[in-house]
Amino acid sequence: MQQKTEPKRVRSLSFGIERLGLLALRYPIIIATILAAVTVAALFGITRLKVDDSLSELFRTDTPEFHDYETISQRFPSSEYDVLIVVSGKDLLQRQSIQALRNLVINLQFVDGMAGEVSLFSAREAPEAGKVPGPVFPAALPKGEAYKDLIDKIRRNEIISGKLLSDDGTLTLILLALDREVVESKGLNSVVQQIHDTAEENLKGTTLKMQLSGAPVMQLEIRNAVEHDRNLYNALGFLFGAVIAYAFFRRGSLMVIAALPPVVAIIWSLGLFGWLGFKLNLFLNVMIPLIMVLGFSDSMQLTVAMRNRLLEGDRRIKSARYAVLVVGPACVLATATAAASFIALLFSQSALIRTFGIAGALSTAIAFVVGISLVPLLTRSLIPRNAKAYAANLKSHDRAMNALMRFCGWVAERGVRHPHIVVAVGLLVVIGFGAIYVTLPPRYRLADQVPDREQAVAASAQLDEKLTGANPLHVMIDYPKDKTLYDPHVLQAISDVHSIIEKQPGIGNVWSIETLRRWLAKTQEDTPEKLQEYVSILPDYLTDRFIDEKDNSVVVTGRIPDIDVSDLLPVIEKLDADLNAVRKAYPDYRIVVTGLSAIAARNSATMIGKLNAGLTTEIVFICIFLGFAFRSVMVSFVSILPNLFPVFTAGAVLAASGEGLQFASIVALIVAFGLSLNATVHYLNRLRLEDRPGENPAFGVERATILIGPALVLTSLILAFGLGVTVLSALPSLRLFGKLSALTLVAALVGDLLLLPASVLLYRRFVRRLTKKHGHAARA
């Protein structure tokens, strides 16, 4: 196996694109200058990168549902700027605790960016004719039996009970409305930190526990997680790749040749994102380890090929040229298949996923250009001119690589000896796991997009349990332009909608202008004139939550728990169906159910289903594409089993864990499938080089497995770890992405080392047998 051989002359797979690497050998100074200049420009681009912490970007689509959501966000922006303080404890209604809560509510008014607040202390006494109702809590808290009577009255108050205070009296909600302009000028982090510090200071000395939630807090936690993950992924991904490279190459120069291109590719890609105005988000943040593994994939294959030629006695330039001309075409084809997996994401309805697809396709191209240019350039610069002594030193430290080659030989021997068994077992596994995969239900929860080890998710879970939910659900009512808000016809329509919402199972804490009208009705003062008078004296931060007279629009808001879309969608659909009666009674009114929870429930299952269909299309396309690229029908057939094996294996694991198909999981499968084809392409490329006419096909299959196997194992390990490092993320969706990506890549390696060689061997034996049979028939 170690004798010196020249590469077999075969047709190019890549139209000569790989020859870009020869420019670095011929014009090293010019190429080095260009690479340095682009790197400097990219570093400036990185400084322009920003973080996108939007919770709705995943569902940004050109659909009426999302346009309704944008409309309500513009008219009633309050829920996007609400901070929820959840205070809980067994002693919540004790006199000392209530006093501490009152002090907290007072001091929160002095926090920068505070527009207003709603709490227990906002509630008023029942109205009396001709009197301005006073607060439920008196200025001085009573003691003894009088205090007990006060607490009983509080727990019966319809404004407080079930809305701001849990039925068991152990949890209360303080809602803070932030001023958008102040938050943008002061910074969200500063405002939220002030709120947190104020709450901790005022509740010190009590047994009460405090946690923050709401959209601003979730956005801040997402932003912090994205920034933390970016640094973590960079460090760990590069460290692991460098360690693997050094462990098997045992030379610092070879480690640099293999490890530097991915670093440069990351700089170029992030710089391009900055110049293009892309923002880092929960999906785009995955690009960092993704670019790392894409870069390592090509550079490792090229470096292994160059190193092997050095060991066979070639000089450095000839070795680098060999790597470019022999491995380069496979790198081009692997880049094309990886780019195809990202291009498949462009058919998603989600703007966030489409941007991820664009970024991935660009990064794939960048990783190839950097690798094919920098590996030859570094080889020329770091490998000694006379490489014989260098090669001799490599041979003396070649234990790890030789051990890996022996392992690949052992695998190849088993696969060649028992191809029928290998293919049969693989086929049974694919059929069994495939049957499980097609039954996977779509899953989505808002909590999966937010760090689940921080306070926002924990606080929301408490609200889900004790106050019907933390997530707002809106019904927007647009009334005719020729009517005013206080027209009895308009008020009756609002009342009908409000009544339908509060009767819906799973929806609670319903608020609208109807809440105020019912309160006034206790003293028969619920006339339109009196209602208008009370609305005029309420602070803007309260009225702006429900009323937009300029656009003849009002909103009725309820709260729902953060549950899976499979449970939430029936609630939304039933509400929408029940509202048809109101729509029929008021045909000139526009009544829509909207909010982030509503568009998530309606769109997530459809979007995940379309992404899954895109994966199926991609698998079919790639198998056909490989056949055309290699100009071989055999390649299309033998690629099917090893390509399906990793996808269906990952699907079976998802089913076993009960996680279903989420956005992160289906994107992981699409991306990991594209990356796993890297090994398939390089194996098939090696196989065509080892093919000898008239030879037993088992010999060529075994040689190809032994020669390319070590590089496949190394690149697959780096790919799996580079993406698997995301399991350390604070974001649940990214942890799932990392786990599934690593699993898919490892399963793909099994498919490429076992199923692919066995499939090739069986196909060739079948063709030879068929050819002989036809030959005998022709002679007869």
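Visitor: What makes two strands count as a pair?
Guide: Two strands pair if DSSP finds at least two bridges between them. In this predicted model, strand E2 (residues 82–88) and strand E4 (residues 171–178) have 7 bridges in the antiparallel sense, so E2 and E4 meet the cut-off of at least two. One of the bridges joins serine 88 to leucine 171 of E4.

Visitor: Why are E3 and E5 said to stand at the edges of the sheet?
Guide: The open sheet has 4 strands in the order E3-E4-E2-E5, with antiparallel pairing. E3 (114–118) and E5 (209–213) each have a single partner strand, so one side of each lacks a neighbour in the sheet. Neighbouring strands are turned by 20 degrees against each other on average, direction ignored.

Visitor: Which helices lie against these strands?
Guide: Helix H4 (residues 95–108) packs on the sheet and touches E2, E3 and E4, its direction making about 5 degrees with that of E4. Helix H16 (residues 455–466) lies across E2, E4 and E5 and runs at about 100 degrees to E5.

Visitor: Why are H10 and H26 called roughly parallel?
Guide: Helix H10 (residues 287–311) and helix H26 (residues 663–690) pack at an angle of about 0 degrees, with axes 12 Å apart. Angles under 35 degrees count as roughly parallel, and H10 and H26 are therefore roughly parallel to each other. Residues making the contact include Leu290 and Asp298 of H10 and Leu675 and His682 of H26. By class, the contact has 5 nonpolar, 4 polar and 1 charged residues.

Visitor: Where does H23 bend?
Guide: Helix H23 (residues 596–629) bends by about 40 degrees at asparagine 603. Just after H23, arginine 631 has a positive phi of about 55 degrees.

Conventions. Residues are numbered from 1 along each chain as its sequence is written. This is a predicted model: local features need pLDDT of at least 70, side-chain atom pairs count only at pLDDT 80 or more; totals for chains, interfaces and linings use all residues. Side-chain values use heavy atoms; hydrogens and water are left out. Axes are lines fitted to C-alpha atoms, for helices over the stretch in contact, and angles run from 0 to 180 degrees between N-to-C directions. Angles under 35 degrees count as roughly parallel, over 145 as roughly antiparallel, 65 to 115 as roughly perpendicular and the rest as oblique. Contact means heavy atoms within 4.5 Å. Ala, Val, Leu, Ile, Met, Phe, Trp, Tyr, Cys and Pro count as nonpolar, Asp, Glu, Lys and Arg as charged, and the others, Gly among them, as polar. The bend at a residue is the angle between axes fitted to the seven residues ending there and the seven starting there.
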